[in-house]
Amino acid sequence: MDKAYVDFKALFMFHQAKSFWVSRPNGNMRFATIKQMEITDSKSRILEDSHIRLTGYKSSRLYPDNMRFIRVYDSDNDDIIDLISNNFEVGATEISALYRHRWDIEVYFKWIKQNITVKALWGYSENAVKVHLWAAIIAYLTVARIKADYKSPYSITEVATLIRISAMERTDLRTLITKQDDSIISNQNVKERTLFDDI
């Protein structure tokens with residue numbers, strides 16, 4: 001998460017729940033270095049990897065345990081970035097990569113909301129939610145593959161609709177999704193990824 005979300009009380013709750021986190025510290029964060037770790041890969045962009053403890057009056061009470069401090073060189077922006085984490089198990093390069101790709105999760109959830117229609121869940125247990133989402137994703141990708149294989153002019157959503165409304169008819173699938181029907185209004189503003197261009 002970004003430094004705008006740094007809340008040491010919440011971060012310590014994550015830590016106690018055995019969840020790990022990666023964030024950027026605020027510029028005024030006060031800390032003492034407990035242990036300096038050796039940087040073995042000279043080609044990595046890691047400048048510093050150390051165990052620290054907060055020394056600020058309020059922050060040290062909100063997060064009384066050690067955390068990890070990593071300083072990394074960002075060659076894309078020619079900048080130095082400081083990171084903090086409670087994960088002492090993985091390498092500093094992996095922590096840096098996790099932070100760099102933090103928005104991939106947001107992009108994935110946005111894609112699910114826009115493309116995978118899940119109006120009501122079948123159940124609310126962890127397993128039921130996973131099964132429902134996986135089934136929806138598999139169905140979407142199957143329709144996307146059919147569209148790509150048959151070079152259908154319709155969008156993935158339109159192909160799915162055609163298959164759904166024609167499920168009980170004896171109609172050839174290729175004819176159904178490749179013959180342009182004037183009664184179906186195609187939304188030209190929909191930007192869908194071409195999933196199978198390289199296959």
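This is a predicted model: local features need pLDDT of at least 70, side-chain atom pairs count only at pLDDT 80 or more; totals for chains, interfaces and linings use all residues.

Modeller: Just after helix 1, lysine 18 takes a positive phi of about 65 degrees.

Colleague: Which residues of helix 1 are buried?

Modeller: Phe8, Leu11 and Phe12, in a helix that covers residues 8–16. Viewed down the helix axis, the buried residues fall within an arc of 100 degrees, so they line one face of helix 1.

Colleague: And which are exposed on the other side?

Modeller: Lys9 and Met13.

Colleague: What do the buried residues of helix 1 pack against?

Modeller: Strand 3 (46–54), helix 2 (57–62), strand 4 (67–74) and strand 5 (79–85).

Colleague: What caps the N-terminal end of helix 1?

Modeller: Aspartate 7 does, with a side-chain oxygen 3.1 Å from the backbone nitrogen of lysine 9.

Colleague: How many bridges does strand 4 make with strand 3, and how many with strand 5?

Modeller: Six with strand 3, in the antiparallel sense. Seven join strand 4 to strand 5, and that pair runs antiparallel.

Colleague: What stands opposite valine 72?

Modeller: Isoleucine 46 does. In strand 5, the bridge partner of valine 72 is isoleucine 81.

Colleague: Where is the positive phi in the hairpin of strand 4 and strand 5?

Modeller: At aspartate 78, near 50 degrees; the hairpin has four residues between the strands.

Conventions: Residues are numbered from 1 along each chain as its sequence is written. Side-chain values use heavy atoms; hydrogens and water are left out. Buried means under 20% relative accessible area, exposed over 50%, partly exposed in between (1.4 Å probe, protein chains only). Helices (H or I, at least four residues) and strands (E, at least two) are DSSP runs, numbered from the N terminus. The arc is that of the directions from the helix axis to the C-beta atoms. Contact means heavy atoms within 4.5 Å. A polar contact is a pair of N or O atoms within 3.5 Å; within protein, one must be able to donate a hydrogen and the other to accept it, and residues adjacent in sequence count only if both atoms are side-chain atoms. Two strands pair if DSSP finds at least two bridges between them.
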